[in-house]
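Have it open while you read.

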Amino acid sequence: LQVAEVCVGTTPPQLHDECLPDSIVAHRARSFGCAASFLSFVCGYFSVSNFFGKKHPRKASKGKMSSHKLKLLGPTMFRSFRCVWMLEELGLEFEHDLSATPWSEKAKECHPMGKIPSLVVDDVETNNKSSGNGSSPPFIMHESSAINTFLGRLAGRKDLVPDGSDMYRQARYDQIVSMIMSEMDAQALWIHRKHVTLGHTFGKADEAVIKTAKDQFKRTNRALASQLNPYLLGDDFSAADMLYVHCLDWAEGIGWKGEGGGDNNNACWFDDDGQEDLSGLSSRIETYLERCRQRPAYKATLARQQVEKDAYKKKKSNKGSKL
């Protein structure tokens, strides 16, 4: 600034342009122009954005993730579907270990209870720097919702996973994710899978138990569907939607989505008790599902799942033909 001030100079108030020769006026104009350019350069160079670097969520994600090697354990036929979907949304390369099925030795290596999915994160850059002192062990995560939250924040995708910059949006995200996992997944869908689909392992449950689980799903579904606008967090599709859509797919797969009936089609997602017209809420879910299922990342994950299913059927068929 001192240099700029010297270049510009100061003109006493009694000296005005009209009192000076044209050559001096022109010289002053050129000097002022040079000084202005110099000031613009200095201010531009030392601006906050140039000094610290401009940050863009999607560009930052590539820089952040380039040093991390990712490995996901668990086929997409299980809750791993949610994590594969997230990885597809982020456009990240990852190793997918399909041999790590529930309670397998591979699964037990990463999860103390032998469950899936698990995410193994190897920080390549850190290990390269400390190669002389031995590489650090990989970071291992469990639980599909926690894995997706971690991946979104690691990649800097605030649209998919809110961070602390918006405290209320982050709190709402945490609340919805907790509700889906505890009220819809654990207390409804998992009860059915545990005591119907896997009844031979965990034991069959009474019809009353399964009905209670189904009612629990419908109550939770109603609470979540009422928050769609158009997504769970508003305008932005998020990792919470991945959990919700997967649960709705799961429910549809076990027959918890009704065939519909009557003029208001209440039975589509809710029991028609005649007390309330819930057709609008059912329609909202259908529109929401259609929108989410059109996402390229969802379609890519579904394609992966189909390949796995076909391979499983072929393997089972070949095994049966040898007996």
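1. Ground rules. This is a predicted model, with local features needing pLDDT of at least 70 and side-chain atom pairs counting only at pLDDT 80 or more, while totals for chains, interfaces and linings use all residues. Numbering starts from 1 along each chain as its sequence is written, and side-chain values use heavy atoms, with hydrogens and water left out.

2. Overall make-up. The protein has 14 helices and four strands; these are DSSP runs numbered from the N terminus, with helices being H or I of at least four residues and strands E of at least two. Of its 323 residues, 37% count as buried. For the burial classes, buried is under 20% relative accessible area, exposed is over 50% and partly exposed is in between, using a 1.4 Å probe and protein chains only. Among contacts (heavy atoms within 4.5 Å) with a separation of 6 or more, 67% are between residues 24 or more positions apart.

3. The sheet. Four strands make an open sheet in the order S2-S1-S3-S4, with mixed pairing; strands pair if DSSP finds at least two bridges between them. At the edges sit S2 (95-97) and S4, each pairing on one side only. On average, neighbouring strands here are turned by 20° against each other, direction ignored. For this and the angles below, axes are lines fitted to C-alpha atoms, for helices over the stretch in contact, and angles run from 0 to 180 degrees between N-to-C directions.

4. What packs on the sheet. Helix H5 (residues 80-90) touches S1 and S2, and its direction makes about 150° with that of S1. Helix H8 (residues 144-154) packs on the sheet too, touching S1, S3 and S4, at about 130° to the direction of S4.

5. S1 (residues 68-73) and S3 (residues 118-123) run antiparallel and are joined by six bridges. Leu70 has Val121 in S3 as its bridge partner. S3 also pairs with S4 (residues 139-142), again in the antiparallel sense, over four bridges. There, Val120 is partnered by Ile140 in S4.

6. Ser118 is worth a click. This residue of strand S3 stands opposite His142 in S4. Ser118 counts as buried because its relative accessibility is 1%. Beyond its neighbours within four places in sequence, Ser118 is in contact with Lys71, Leu72, Leu73, Cys110, His111, Met141, His142 and Ile147.

7. The core. Which residues have the most contacts inside the largest nonpolar core? They are Phe217, Leu232, Tyr244, Trp269 and Tyr288, in a core of 58 residues. Helix H12 (residues 239-253) supplies the largest share of this core, ten residues. A nonpolar core here is a set of buried Ala, Val, Leu, Ile, Met, Phe, Trp, Tyr and Cys residues joined through side-chain atoms within 4.5 Å. Leaving out neighbours within four places in sequence, Phe217 is in contact with Met184, Ala188, Leu189, Cys247, Leu248, Ala251, Trp256 and Trp269.

8. Salt bridges. The count is 14, where a salt bridge is a side-chain nitrogen of Lys or Arg within 4 Å of a carboxyl oxygen of Asp or Glu. In one of them, Lys106 pairs with Asp97, with 3.3 Å between the closest N and O atoms. Lys106 is partly exposed at 34%, whereas Asp97 is buried at 9%. Another joins Asp159 to Arg157 at 2.8 Å between the closest N and O atoms. Asp159 is partly exposed at 24%, while Arg157 is buried at 6%.

9. A bridge across sequence. Glu286 forms a salt bridge with Lys257, the closest N and O atoms being 3.2 Å apart. Glu286 lies in helix H13 (residues 279-293) and Lys257 in the loop between H12 and H13, so the pair ties together parts that are 29 residues apart in sequence. Glu286 is partly exposed, with 29% relative accessibility. The pair belongs to a salt-bridge network linking Asp249, Glu252, Lys257, Glu286 and Arg293.
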